[in-house]
Amino acid sequence: MWTKVFIGVGVLAVLGVAVWAFRSEGDSAAERTIRVTRNIGGRAGFKRHFDAWQSAFERKNPGWKMELIDLGNANGAEYYKSRIATGDLPDVVMTWQLTNLLADGGHLVPLPDSYYERIGIPLPAPYKGKRYTSQGGMQIQGLLINKKMWAGIGVTEPPGTWDELLAGFDKLKAKGCKPLVYGGREWSAFEPLFYAIATNVYEREPGPGKPSWTILRNQGKVRFAADPAMRLVLEKMIQLLDKYVDKGAASDGYNEEQKLFYGGQGATWMMGCWIGGDIDANKVDLDLDYWPIPSMTGKPPLFVETSGMPSGWAITTSAAGPKLEKAMSVLETFWDPDVFQLFLNGEYQFNVSSRSGVKQPKSDWPPAQRLADTMLARLARYGSTRGFHIALDDMPPPIMMDNTFKAVMQEILAGTRDVDKLLKMLDDDWDSGLKGM
Amino acid sequence: MSAAQALANPLAAGPAVPRLPAEESRTPARHRKRRAGAEDWVASLVLCGPAVLLYGGFVVLPAVLGFAYSLTDWSGWTRTPHYIGLANFRELAGDERLYSALRFTLFETVLIVLFFTFGALLLAVLLDKLSCMKGLIRGLFFYPYVLSILVSALLLKYLANYNDGAVNLALRWAGLGRWAQDWMMDPQLVGYFIFGMVAWSSLGFFTTLYLANLQTIPLELYEAATMDGAGPLSVFRHIQIPMLMPTLMTNSVFSLIFGINLFGQIVVTTEGGPGYRTTTIGYYMYWLGVINNRQGYASAVSLAVFAALLAVAVAQVALLRRRQVEL
C-alpha cells in the first residue's frame with residue numbers, strides 16, 4: 001500500500017517539476033516576445049510583409065521575438081474578447097472598427113503625438129482626448145473593372161452617375177457578359193450597399209459645424225426609415241440585384257467572386273483596393289481598371305477611403321510595463337522603407353507618410369503594376385470620402401458593417417421588395433447595436 | 001481469521017473465536033470504521049473530484065455567471081459589467097427577432113423530433129430485418145455521426161452551392177439542370193436544407209439506440225405472435241412499439257435537445273441568412289453576445305430559453321411516461 005503511495009507521490013512530483021520547468025522556460029521566452037495580430041489567411045503578399053517586419057524588428061532588438069497571431073479572414077472581435085477575458089490580449093493589435101470598444105475597455109495604450117511626428121503621418125482625431133491608432137496606408141474602395149469587357153461596349157472612362165453605370169450593365173448583359181460579380185453569402189455581400197450609403201447618405205466632407213449622419217442618428221434626429229436618400233439607395237439595390245445578379249449568387253462567397261472575376265467571367269467587381277495584392281500573387285492576366293463609385297444623388301463619383309486613422313486598417317498597442325517600449329518599436333519598424341513597401345505591395349494601399357520614402361505598391365507582374373498606377377491616377381483625379389469612417393466617436397455600431405448590411409442584401413436576394421421592411425431592419429440593428437457600445 | 005474480521009462478521013468466524021469484552025472492542029472498531037470512512041472519502045474524491053471540478057467549472061459556474069450577466073449591460077469588452085436590473089428581461093417581451101428565431105427553431109425542432117423519433121424507428125426495424133451485409137449497412141448509416149458537426153456542415157455547404165456544388169453538377173450532368181436549385185440560400189428551401197443536414201449527420205445515432213433496444217426484445221414474443229398468426233405490421237404495432245417505448249422516449253427528448261440547440265450547422269453554412277431567416281435561438285444568442293457585443297442581453301435570452309426548454313422536457317417526459325404505462 002505504502003509502496004504504491006510513494007510511487008504515486010514520486011510520479012506526481014516529477015510531473016510537477018517538469019511542468020514548473022517548462023512553464024519557467026515558457027515564461028522567460030514570453031517575457032521577451034511581442035505578439036502581433038494580423039489578418040493574413042492565405043494571402044501570400046501579407047505573409048511576405050509580416051516576415052520582413054518580423055525580421056527587421058528582431059534585427060533591431062536582439063534577444064526579442066515578434067510572434068504572429070494570424071486572425072485569418074476574421075476581424076478579431078471574437079479572438080480579442082476571449083483574450084480580454086483571460087487577461088491575455090496581444091501586445092500589438094489590428095483593431096478595425098473595434099478601436100473604440102478596446103479603448104473604452106481600457107485595453108489600449110494611447111500613442112504619443114511624437115510617434116506620429118516621427119513617422120510623418122497626420123495626427124488622427126483624438127478620442128476622449130487621446131490618440132490611439134496608427135494607420136498603415138491609404139486604403140480605398142471602388143469598382144474593379146475588366147477593361148476589355150467594358151471597352152467591348154464602348155465604355156473606357158468611369159460612368160458619371162449610378163444610372164450610367166447600370167446603362168453599361170444593360171449593354172454588357174445584352175452582349176452576353178456578366179456585368180457584375182457578386183456573392184451573397186459572406187461579408188462581401190455588403191459592399192454595394194456600403195458604397196451607396198457611404199457616398200450618398202453621408203456628408204462627403206463632414207466638419208465641426210456639420211454633424212455626420214451617425215451623430216444625427218444617435219441623437220434620434222434621423223432614421224433610415226425616414227431618410228429619402230436611404231430609401232433611394234435601397235430601391236437601387238433592389239434594382240441592382242434583380243437585374244444584374246444571377247440565380248445562385250446567394251450561395252457564393254468571396255472566393256467564388258474572386259474565381260469568377262479573375263477567370264475573366266465578370267466585367268465589374270465592387271471590391272477594395274487590396275485585391276491588387278491577389279492579382280500580383282496569383283498572376284492574374286487581365287487588363288484592369290479601378291473606377292470611382294458613381295453617385296445616385298447627382299454628386300461627382302469618388303472613392304471611399306476606409307483607412308481613416310481611428311478605424312479601418314489600424315494598428316496599435318495594448319502593451320504595458322517593459323514591453324511597451326518594444327511594442328512601440330514594432331509599430332515604428334512597420335515604417336521601415338523595405339517593410340512598408342511590402343505592406344503596400346500586399347494590401348495595395350498608398351503611402352500617407354511624409355517620411356517613408358515609399359509611394360505606392362510595386363510589382364514585377366505588369367497587370368498588377370498597371371493597376372497600381374491606374375488606382376493612383378484615378379484617386380488623384382476623383383478623390384475620396386471617408387463615408388462613415390470619420391472618428392472613433394463618430395462611427396456606426398460595428399454590427400452594421402459586420403452583419404446588417406449583408407443581411408439586408410440577402411433579404412433582397414431572397415425576394416423581399418418591401419423597402420420599409422428593409423429600412424426597419426437597418427433601424428432595429430442600429431438601435432440594438434448602440435446598446436452594445 | 002483476525003479478531004477484527006471476526007468482529008466484522010461473527011457468523012463467518014470459526015468456532016473458537018473468543019469474544020472481546022464490550023468496552024475493549026468498541027474503540028478499535030470505531031477507529032477502523034472511521035478509517036474506512038476516510039478511505040472511502042479519499043477514493044470518492046480521487047474518482048469523482050476531477051469530474052465534479054470540470055462540471056462545476058465549465059457548466060455550473062458559467063450558468064451562475066450567466067445569470068449574473070443577464071442583470072447587466074455587459075458588452076464583453078470591459079471587465080466591469082454595469083448592473084441594470086431586469087431591463088434585459090423586459091426587453092425580451094418586445095424582441096421581434098427573438099420571436100422570429102423561436103419560430104424557426106420550433107419549425108426545425110418539430111421536423112427533427114418527428115424524424116428522429118419515428119423515421120429512425122422505422123429505419124431501425126428495417127435494418128434489424130436485414131439478412132446480409134447487416135454490419136456494413138448499419139455502419140454506413142452511422143458513419144456521418146462520427147464526423148464533427150462542423151465537418152459535415154462544411155461538406156454540405158460545398159455540395160449545396162448553386163454553381164459548383166456536387167448536387168447541382170450531378171443534376172446538370174444527368175440532364176436535369178432545370179431542377180438545380182440554390183439549396184442553401186433559397187428562402188423556400190433553406191429550412192429543409194438545414195433539416196436535411198441534421199438528419200443526415202445524426203440519423204445513425206438515433207437508429208443505433210433503437211437497434212440496441214430491438215435486440216433486447218425476447219424472441220419468445222415474436223414466436224408467440226407468429227403462432228397466433230400476426231403479420232409484420234401487427235408485430236410492429238403490438239410488440240415492437242410497446243417494447244421500444246423507453247428508447248422512443250429517450251430519442252424524443254434527445255432530438256428535442258438537438259433541435260433547440262441547433263447552432264454549429266448554422267454558423268458554418270447560412271450564418272442565420274438569408275437575412276435573418278435561419279437564425280435559431282442558439283445562433284441568435286451568439287449573434288447578440290459575440291457579433292453585436294450584447295453579452296448581458298444574450299445571457300438573459302439564454303436563461304429564458306433554458307427555463308422554457310426545461311418546462312417542455314419535463315412535460316414531454318411526463319407525457320411519454322404516462323403513455324408507456326398505458327401500453
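The model is predicted.

Chain A is likewise divided into domains. Domain 1 of chain A comprises 32–137 + 309–358, and domain 2 of chain A comprises 140–305 + 368–435. Their C-alpha centres are separated by 27 Å. The contact between them takes 19 residues from domain 1 of chain A and 16 residues from domain 2 of chain A. On the side of domain 1, helix H2 (44–60), H4 and helix H14 (337–347) of chain A each supply at least two residues. The residues on this side divide into eight nonpolar, nine polar and two charged.

Confidence was examined for chain A. The mean pLDDT of chain A is 90, and 93% of the residues score at least 70. Within chain A, confidence is lowest in helix H1 (residues 2–31), with a mean of 63. It is highest in strand S7 (residues 288–291) of chain A, at 98.

The two chains also touch. Chain A gives 27 residues to the contact, and chain B gives 23 residues. On the side of chain A that touches chain B, two or more residues come from each of helix H3 (77–85), helix H4 (99–104), helix H16 (398–413) and helix H17 (419–435). H16(A) gives the most to this side, with seven residues. By type, the residues of this side of chain A are eight nonpolar, 10 polar and nine charged.

Backbone geometry was considered next. Most residues other than glycine have a negative phi, and most peptide bonds are trans. Lys283(A) is not a glycine, yet its phi is positive, about 50°. Lys283(A) sits in the loop between helix H12 (275–281) and S7 of chain A. Lys283(A) has 11 other C-beta atoms within 10 Å, so it is exposed, the cut-off being 12 or fewer.

Tyr348(A) is not a glycine either, and its phi is positive, about 55°. Tyr348(A) lies in the loop between H14 and helix H15 (366–382) of chain A.

Chain B has its own backbone features. The peptide bond from Gly273(B) to Pro274(B) is cis, with omega near 5°. Pro274(B) is placed in the loop between helix H12 (264–268) and helix H13 (281–291) of chain B. Gly229(B), which follows H9(B), has a positive phi, near 85°. Helix H9 of chain B spans residues 219–227, nine residues in total. The number buried among them is zero, so the helix lies largely in the open.

Ser202(B) is found in helix H8 (residues 190–214) of chain B. Ser202(B) is buried, because 21 other C-beta atoms lie within 10 Å. Beyond residues up to four places away in sequence, Ser202(B) touches Phe116(B), Tyr145(B) and Phe258(B). Ser202(B) and Phe263(B) are 61 residues apart in sequence, and their C-alpha atoms are 14 Å apart in space.

Terms used: Residues numbered from 1 in each chain as written. Chains lettered and ligands numbered in written order. Predicted model: local features only at pLDDT ≥ 70, side-chain atom pairs only at ≥ 80, totals over all residues. Buried ≥ 20, exposed ≤ 12 C-beta atoms within 10 Å, placed from the backbone. Helix = DSSP H or I, 4+ residues; strand = E, 2+ residues; numbered from the N terminus. Contact = placed C-beta atoms within 7 Å. Nonpolar A, V, L, I, M, F, W, Y, C, P; charged D, E, K, R; others polar. pLDDT = per-residue confidence, 0-100. Domains from an automatic or database assignment.
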